[in-house]
Amino acid sequence: MIDQFQSSNSFLVLFLSPVRAYLEDDSVSEILINGSSDVYVERRGKLERVEARFVSEQALRAAAANIAKSVGRLLDEANPRLDARLPDGSRVHAVIPPLSRIGTVIAIRKFSRETLTIEKMMAFGSLDEPTRRLIRALVLLHKNVIVSGATSSGKTCALNVLSSYIPEGERVIVIEDASELQLQQAHVVPMETRPPDKHGEGEVTVRDLTKSALRLRPDRIVIGEIRGGESLDLIQALNTGHAGSMSTIHANSPEDALRRLETCALLGGVEIPLRALRAQVVSGVDAVIHTARLSDGSRKIVAVSEVLPLENGEYKLRELQRWRTDSIAEDGTVVGGFEMLEKPTFADMAKIYGVEL
């Protein structure tokens, strides 16, 4: 990973040399720099403070400014926040004073070099065999799926696993802010947003790309994450024949995911009665897969819920699978198991198409 980083921008490594060891360490998933003398890293879902230090606030500020420069952005008093992607694919967010009261703050989420397979997720205990068959059926039966969860709960990993079941021969258009999904199919059209330049011009948003995707004859649309008005465009796409599409959204529960979709759609600036919008949501979204990071740092698919028709104008879900926590071991390990609760309404369809549940 660091080879790509260095070959693309050698001076960047020089400025980030205090945390270079953690950039090279595959067990580290995030590096959090809270001012020049306070650095944390995340390993296996757990945060730990490390001894790394920058020589001064000026050195750390220079590192952040050079990261911004390397991607054609500015980080200064007029532009005190930065969203960027490093040459190796890692994501960076930086905030400088006076917005930050402790000095320059940088968060680096590293890009994994290895493709996360369903077998690896099962080995990690993120799901079990019945859950694997259930999510495989959702994809093969062209169900529209939203993956929800909190920050760093494993949403992107779950979306990667879902997309691995998309059959060869389908045209898949992928839309992301920064390329993280690792689709292995032959016919994939990846598209990436573009931030505004230093003059505030040239921005291309997820919503812009979603509109383009609809004109590119997709069999499926995969959006890395829904954050705003693109929700309305996706919902409309799901209701106009683009079955089997998928995305992620930040939410605390499967039901909350639908409400977040609704809220994001309202940010699109189109006036639509709330009940009509909810009807569109439940008509377009077939299932919600919810992920969570447990207290021991493990990430799991903790719920798979089927979206049912509105009931008195409110969302209603049918929980098909869930994670049950039984106890916490002395070493902090969460002990429990996966439960299959309900038979999905598409069970008969799965039988007709020969898809194992």
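R217 is found in the loop between α8 and β10. Helices here are DSSP runs of H or I with at least four residues, strands are runs of E with at least two, and both are numbered from the N terminus. This is a predicted model, in which local features need pLDDT of at least 70 and side-chain atom pairs count only at pLDDT 80 or more, while totals for chains, interfaces and linings use all residues. Residues are numbered from 1 along each chain as its sequence is written, and side-chain values use heavy atoms, with hydrogens and water left out.

Back to R217. Its phi is near 55 degrees, a positive value in a residue other than glycine. Most residues other than glycine have a negative phi, and most peptide bonds are trans. R217 is exposed, with a relative accessible area of 56%. The cut-offs are under 20% for buried, over 50% for exposed, and partly exposed in between, with a 1.4 Å probe and protein chains only.

The backbone has another item to list. P97 and P98 are joined by a cis peptide bond, with omega about 5 degrees. P98 sits in the loop between β5 and β6.

T104 is in that loop too, between β5 (91-95) and β6 (105-109). Its relative accessibility is 0%, so T104 counts as buried. What does the side chain of T104 make a polar contact with? The side chain of E57, at 2.6 Å. A polar contact means a pair of N or O atoms within 3.5 Å; within protein, one must be able to donate a hydrogen and the other to accept it, and residues adjacent in sequence count only if both atoms are side-chain atoms. Contact means heavy atoms within 4.5 Å.

Helix α4 covers residues 57-70, and A65 lies in it. A65 is partly exposed, with a relative accessible area of 31%. The C-alpha atoms of A65 and A94 are 9.4 Å apart, for 29 residues along the chain.

Next, E170, in the loop between α7 (155-163) and β8 (172-176). Buried or exposed? E170 counts as buried, at 11% relative accessibility. Not counting residues up to four places away in sequence, E170 touches H142, H187, D219 and R220. Its side chain makes polar contacts with the side chain of H142 at 3.1 Å and with the side chain of R220 at 2.5 Å.

Seven of its nine residues are buried, so α7 is largely enclosed by the rest of the structure. The buried ones are K155, A158, L159, N160, V161, L162 and S163. Their cover includes helices α5 (118-123) and α6 (129-140), and strands β7 (145-149), β10 (220-223), β11 (246-250) and β12 (287-293).

Helix α9 (residues 230-238) is mostly covered, with eight of nine residues buried. These are E230, S231, L232, D233, L234, I235, A237 and L238. The cover includes α8, β10, β11, α10 (254-266) and α11 (274-284).

T210 is in α8 (residues 206-213). It counts as buried, at 0% relative accessibility. T210 touches I175, I223, E230, D233 and L234, again not counting residues up to four places away in sequence.

Last, the totals. The protein has 12 helices and 15 strands. Its radius of gyration is 21 Å, close to the 21 Å that the globule rule gives for 357 residues, so the protein is as compact as a globular protein of that length. That radius is taken over C-alpha atoms, and the rule is 2.2 Å times the number of residues to the power 0.38. The C-alpha trace spans about 65 × 55 × 40 Å along its principal axes. Buried residues make up 49% of the 357. Of the contacts with a separation of 6 or more, 54% are between residues 24 or more positions apart.
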